[in-house]
Every structure is written in structure tokens, then in C-alpha cells.
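Reader: Before we discuss any detail, could you show me the sequence and the model together?

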Amino acid sequence: MKILKRSFLIIMMALPMLGFSQELNANSEKSTINEWLYSGSVNVRMPLANDDKDVNAKSFDEKTLLKFNHIELSKLRPSDGEVAAFANRKWESVKSDKEGFLNIKKEGHSTPYQIHYFVSYIEANRWLKGTLSIESSEIMEVYLNGKSMGGIYSIDDNSGTFKKDLKLEKCNYTLVIKVLSKAKDSKKVKFKTTLKLDDAFSQKDVTLTTNPEHYMDIAHVL
């Protein structure tokens, strides 16, 4: 009987913790990245011999044009009003709509394609895990501190999706979204970006901002 009573007590003590675990799972922290720095559009074009096949029997397509490094992204860390020399204009602060979508009207064009750069900063206040998700009307490449995380390379039913699991150390990260659009297409550049933290973390563990300032760390000292 004593063994049965102890087992019953252990089960009763465990039930509230199970409920707490389910509550955490149901209330996972999810935030929309609403503020971005926008470079303006940059006119680009396919190479003259883009239909020719390379040694792997592949031609230079839109995905290749998107992935081509037009600027050095590893050193890209702009602030609002700073000159974006490659675009002949200043970085501009833009915000998403009530539904979390950023809508950018395409500018005048002189080439078939345009590249658009969007920058925001993710400051992890501690080590954390989460998932970055993007829904977009255009194909895009996603970079974190200058390194490609993949992207959206095809659009189905006017939309494409991207999802990537993140493991972030305490640091201020530069998130760059590089969008390729067709200049003659009348639709706007439109995308929504969300960061969902794993159950063990809360919103206070991360800051989403367009301010590039951050604390000095050991890398700066060295």
C-alpha cells in the first residue's frame, strides 16, 4: 500500500509540470520583423550569352543572377540615412503593414531585372534557438552576418516560403534579404518575416531593430 501511495503522489506532483510544459509549447514566442532598412532598387541584367550551357549543362538563369554577389555582404551593416553607394541613394527606414507584410513599389527601370536589399538586426541577449520564416512574392536570398542561409528560388501561386532553424549566440546579427524582381512586373515587392523562439526562450531574450549599434565584444578588442 505504501508503494501505491508513493506512486500516486509522484504522479500528482508531475501533472502540474506536464501542464506547464504544454502551456509553454502553446505560447511559443513569435515576432514579426516589422522594420527594415531599404537600399532602393539596383538595375541588373542577364549576361549576353546567358542561354549558353556551362560544363554542367546549366544555363545562367534567374536563380544564378540572384545568387551572384553584386556587393560584399559580409561588411554590410548600414544605418538609417547612410549612403548606399551601390544604389546611388541613402538607406531608408521602411515598415510593414498591419498584417506584417512589407510592400515596396517598384521604381522606374532601364533593365529587365532589379535587385533590392533589405537589412534588419537581430540582437540575441543570450544563447537561443528559433525559426526564421519568410513568405514572399518574389524570389530572394537570405543572409545572416554575410553568410547565405538559402532562399526562395521559385514562386507558386504568387507566393513562396522560406524556413530556417537558427542557433544564435549572444551577438547582434545582420539579417539581409536580397530580392530579385522583374522590372516590368507591376506587382509590388512584398514579403513577411517572422522569428519564432523555441519554448525555453521568451521575447526579452531577443531584440529586433534597425539600429546597428552593439556592445563591444572580445572580437573587437583583439
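Author: Contact here means heavy atoms within 4.5 Å. The model is a predicted one, in which local features need pLDDT of at least 70 and side-chain atom pairs count only at pLDDT 80 or more, while totals for chains, interfaces and linings use all residues. Residues are numbered from 1 along each chain as its sequence is written, and side-chain values use heavy atoms, with hydrogens and water left out.

Reader: Leaving aside neighbours within four places in sequence, which residues is threonine 111 in contact with?

Author: Threonine 111 sits in the loop between β6 (102-104) and β7 (113-124), where strands are DSSP E runs of at least two residues and helices are H or I runs of at least four, numbered from the N terminus. Its relative accessibility is 8%, so threonine 111 counts as buried (buried is under 20% relative accessible area, exposed over 50%, partly exposed in between, with a 1.4 Å probe and protein chains only). Once the neighbours within four places are set aside, the residues in contact with threonine 111 are Asn43, Val44, Arg45 and Ala183.

Reader: At what distance does the side chain of threonine 111 reach the backbone oxygen of valine 44?

Author: A polar contact is a pair of N or O atoms within 3.5 Å; within protein, one must be able to donate a hydrogen and the other to accept it, and residues adjacent in sequence count only if both atoms are side-chain atoms. A polar atom of the threonine 111 side chain lies 2.9 Å from the backbone oxygen of tyrosine 113. For the backbone oxygen of valine 44, the distance from the side chain of threonine 111 is 3.2 Å.

Reader: What is the distance between the C-alpha atoms of phenylalanine 201 and glycine 130?

Author: Phenylalanine 201 belongs to the loop between β13 (189-197) and β14 (206-209), and it counts as buried because its relative accessibility is 9%. Beyond residues up to four places away in sequence, phenylalanine 201 touches Glu29, Arg126, Trp127, Leu128 and Lys129. Glycine 130 is 71 residues from phenylalanine 201 along the chain, and their C-alpha atoms are separated by 8.7 Å.

Reader: How many residues apart are glutamate 35 and lysine 95?

Author: The side chains of glutamate 35 and lysine 95 meet in a salt bridge at 3.9 Å, N to O (a side-chain nitrogen of Lys or Arg within 4 Å of a carboxyl oxygen of Asp or Glu). Glutamate 35 lies in strand β2 (residues 35-44) and lysine 95 in strand β5 (residues 92-95), so the pair links distant parts of the chain, 60 residues apart.
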